[in-house]
Amino acid sequence: MLPLGLEYPTGILERLNANEVVIGDGGFVFALEKRGYVKAGPWTPEAAVTHPEAVRQLHREFLRAGSNVMQAFTFYASDDKLENRGQTLKITGAQVNEAACDLAREVANEGDALMAGGVCQTPSYLSCKSETEVKAIFKKQLDVFIKKNVDFLIAEYFEHVEEAEWAVQVLKMSGKPVAASMCIGPQGDMHGVPPGECAVRLVKAGAQIVGVNCHFDPLTCVEAVKMMKAAVEKAGLKAHYMVQPLAYHTPDCNCQGFIDLPEFPFALEPRILTRWDMHKYAREAYNAGIRFIGGCCGFEPYHIRAVAEELAPERGFLPQASDKHGLWGAALEMHTKPWVRARARRDYWENIHPASGRPKCPSLSSPEGWGVTKGHTELLQHREATTAQEMQHVLERQKKAKSAV
């Protein structure tokens, strides 16, 4: 929330054109999975319908932490994804998207926040469905977003720039601002298209904001957005830039990102960034010229609070949640133990090197990437649950991939 007397321009483009810092929220599917409302594997957002109180509360925590974009919980809310791999809940994509928009708007109205509707990659694209079929999926979601009058639209979590272009082209039909965010790193998309080329293609498709989200750690994502920015400027085009990375360290990841890590998704906790890492991320992103700065999988509200605290000088205020957090550990001055009181200083936390506490834990892992993407039979999607025969094939494929390393 903004202090009295301090006002932002209204829309996302107006804010970015005024060089304001826009802070996104965090990774809803991971946060709600940990809380018991989302099933890992499908990662679908039925909780917007079945447990709206949980989704509403998470929105409120991110708002309190400093987010001024409430992104509707519509990740993987297309009908083909909801039906994929044996999902049997009788909840349609339209029901999920409508409920998610209502929740996001309700909380956005409690503060100075915009509400965004989002689409992401589809099983249909991975299964080589046609452009017309894939665009029809995006259009069904867009119809809900128009009905709910979202403030702007986000095409996020795309591994292939072609599908991201299709999404942008559909979302542009609304006349609302469009942001396009790919889940890629400096190596580019899954077909080897460099980040810079991806960004140029997305801007030409109609996106006014481009960037990356998910799959990689903050500094890796910032590096990828730098490559995008350089290419867009070289092409003589104009855009704003966004970044919403993981809250996990991923120095050992390849093109596919953290999905290839053996720890994905249930043993990633040793990789979590501290709030002090988030201060560094926020500053690096800001210095790179990125003004839409948020988070994705692994980000909790305290991470977003750290981003908001680091950028408080630029924004002109601290988030409400900072009432319960002394900057750089200042509140530790009231701790009962003197050696803990001695940690109430910035230089201590800026230079901390946290231990894992796991004597047998390696510092890096060996990613299990199989090198498959759109066009490979292993990624053909279907509605039926995985059979025992299919699982045996997967295990044999995994064993073969590991032996080749």
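1. The UniProt positions used below are given in the numbering used here, feature names are shortened, and annotations may be inferred rather than shown by experiment. Please also keep in mind that this is a predicted model.

2. Which residues carry the feature "binding site" in UniProt? The unreviewed entry places this feature at C214, C296 and C297. These positions span 84 residues in sequence, yet no two of their C-alpha atoms are more than 6.3 Å apart, so they gather at one spot. C214 belongs to the loop that runs between strand 6 and helix 11.

3. Strand 6, residues 209–213, runs parallel to strand 7, residues 240–244, and five bridges join the two. Within this pair, V212 stands opposite V243 of strand 7.

4. Both strands are part of an open sheet of eight strands with parallel pairing, in the order 1-8-7-6-5-4-3-2. Strand 1 (22–23) and strand 2 (69–71) are at the edges; each has a single partner strand, so one side of each is left without a neighbour in the sheet.

5. Helix 6 (residues 93–108) lies across strand 2 and strand 3 (114–119), and runs at about 155° to strand 3. Helix 8 (residues 131–147) also packs on the sheet, where it touches strand 3 and strand 4 (152–158). The direction of helix 8 makes about 165° with that of strand 3.

6. On open space: the second largest pocket holds about 940 Å³. Its lining has 34 residues, and H249, R271, I272, D277 and P354 are the ones nearest its centre. By class, 17 lining residues are nonpolar, six are polar and 11 are charged.

7. Which helix gives the largest share of the lining of the second largest pocket? Helix 12 does, with six residues. Helix 11 (218–234), helix 12 (275–287) and helix 16 (346–350) each supply at least two residues of this lining.

Key:
Residues are numbered from 1 along each chain as its sequence is written. This is a predicted model: local features need pLDDT of at least 70, side-chain atom pairs count only at pLDDT 80 or more; totals for chains, interfaces and linings use all residues. Side-chain values use heavy atoms; hydrogens and water are left out. Two strands pair if DSSP finds at least two bridges between them. Helices (H or I, at least four residues) and strands (E, at least two) are DSSP runs, numbered from the N terminus. Contact means heavy atoms within 4.5 Å. Axes are lines fitted to C-alpha atoms, for helices over the stretch in contact, and angles run from 0 to 180 degrees between N-to-C directions. On a 1 Å grid over the protein atoms alone, a cavity is a set of points where a 1.4 Å probe fits but cannot get out, and a pocket is an open set with protein on both sides within 12 Å along at least five of seven lines; lining residues have an atom within 4 Å of a point. Grid points are joined across faces, edges and corners, and a volume is the space filled by probe spheres set on the points. Ala, Val, Leu, Ile, Met, Phe, Trp, Tyr, Cys and Pro count as nonpolar, Asp, Glu, Lys and Arg as charged, and the others, Gly among them, as polar.
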